[in-house]
Amino acid sequence: MKKPLLAVKDIVQITGITSRTLHYYDRIDLFKPTHLTEKGYRLYEQSSLEKLQTILFLKELDFSLKEIADILKLTRQEQNQILKEQRQALILRKERLETTMAALEEYVSGNDISDLQLFNGTSVLPLKEQYANEARFFYGETEAYKEFNESLEELSPDDKEESFQAMEDIFKRIASCIDQDPSSDEVQRLIEEWKNNLMQFMTCDAELLACIAHTYKFDARFKNYFNQYGNEELADFLYSAIMHNINRETSQ
């Protein structure tokens, strides 16, 4: 018994793809009907379904339609080699997506963007390295920055972590004084403590301190970082407190 030919609506019902997709595949010579009726209706043999299902499978593997057309011209052995390579690419993409999702979870949970492991394993530099390069670009020729780098290189990982924690503690205490005037004695004592912490790594003249204060106030990354201490005004508060400290020192 001769098997009946399948109309477009039959292919749509069997595979779930749209008639528009079938028409497009015909137009680009990717999957053409077996027969055309006198009225121009497309008809397909049942055996052609295997080719369509292969096309849909390759499309699901993220091959372009042009790539699929080229793959279909190859031997099964050649196709298998390409599929093995695509499998490896998909594994890497899966790992990348998992990293991105983890970074997204950290970010929406309140972590600072500079702490995200977002660009590892890509051509884009990790964020911490970007910030280091940015600082090197703007301040790299200054003696203060060179001194800062030299001091950091001499520190052990434990010492770096201890210094970082000390700075975080200062920011928390400054945040607790947010209702005071930035020029108050308590706030200014904390700014001096903050400055002394910086002085472990660099010579902080008025120009450099003003630059840091400006960065705290106007760089969105720092503003977001300071938000974790519970007040969105902390960046502006720090700017005012640091600038008051600078003006007080220079006027003496």
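Guide: Asp26 sits in helix α2. Helices (H or I, at least four residues) and strands (E, at least two) are DSSP runs, numbered from the N terminus. This is a predicted model, so local features need pLDDT of at least 70, side-chain atom pairs count only at pLDDT 80 or more, and totals for chains, interfaces and linings use all residues. Residues are numbered from 1 along each chain as its sequence is written, and side-chain values use heavy atoms, with hydrogens and water left out.

Is Asp26 buried or exposed? Asp26 counts as buried because its relative accessible area is 10%. The cut-offs are under 20% for buried, over 50% for exposed and partly exposed in between, with a 1.4 Å probe and protein chains only. The Asp26 side chain makes a polar contact with the Arg42 side chain, at 2.8 Å. A polar contact is a pair of N or O atoms within 3.5 Å; within protein, one must be able to donate a hydrogen and the other to accept it, and residues adjacent in sequence count only if both atoms are side-chain atoms. Not counting residues up to four places away in sequence, Asp26 touches Phe31, Lys32, Pro33 and Arg42. Contact here means heavy atoms within 4.5 Å.

Follow Phe31 next. The structure holds one aromatic pair. Phe31 and Tyr44 form this pair, and the rings are stacked: 5.3 Å centre to centre, with 5° between the planes. Rings of Phe, Tyr and Trp (its six-membered ring) pair if their centres lie within 6.5 Å; planes under 30 degrees apart are stacked, over 60 edge-to-face, and the rest tilted. The pair links distant parts of the chain, 13 residues apart. Phe31 lies in the loop between α2 (19–27) and β2 (35–36), and Tyr44 in strand β3 (residues 42–44). Why do both count as buried? Phe31 does because its relative accessibility is 2%; Tyr44 does because its value is 0%.

Helix α3 (residues 49–60) also meets α2. The buried residues of α3 pack against β1 (6–7), α1 (8–15), α2, α4 (65–72) and α5 (76–108). Buried in α3 are Leu49, Leu52, Ile55 and Leu58. The helix has 12 residues and reaches 16 Å from its first C-alpha to its last, close to the expected 16 Å. That expected span is 1.5 Å times one less than the number of residues. After α3 comes Asp62, with a positive phi near 80°.

Now the cores. Of the 28 residues in the largest nonpolar core, Phe171, Trp194, Phe226 and Leu234 touch the most other members. A nonpolar core is a set of buried Ala, Val, Leu, Ile, Met, Phe, Trp, Tyr and Cys residues joined through side-chain atoms within 4.5 Å. Two or more residues come from each of α8 (157–175), α9 (185–199), α10, α11 (220–227) and α12 (234–251). The largest share, seven residues, is from α12. A second, separate core of 17 residues includes Tyr25, Phe31, Tyr44 and Leu58. So the stacked pair belongs to this second core.

Last, confidence. pLDDT is the predictor's confidence in each residue, from 0 to 100. The protein averages 81, and 78% of the residues score at least 70. Confidence is highest in α4, at a mean of 96, and lowest in helix α6 (residues 127–139), at 53.
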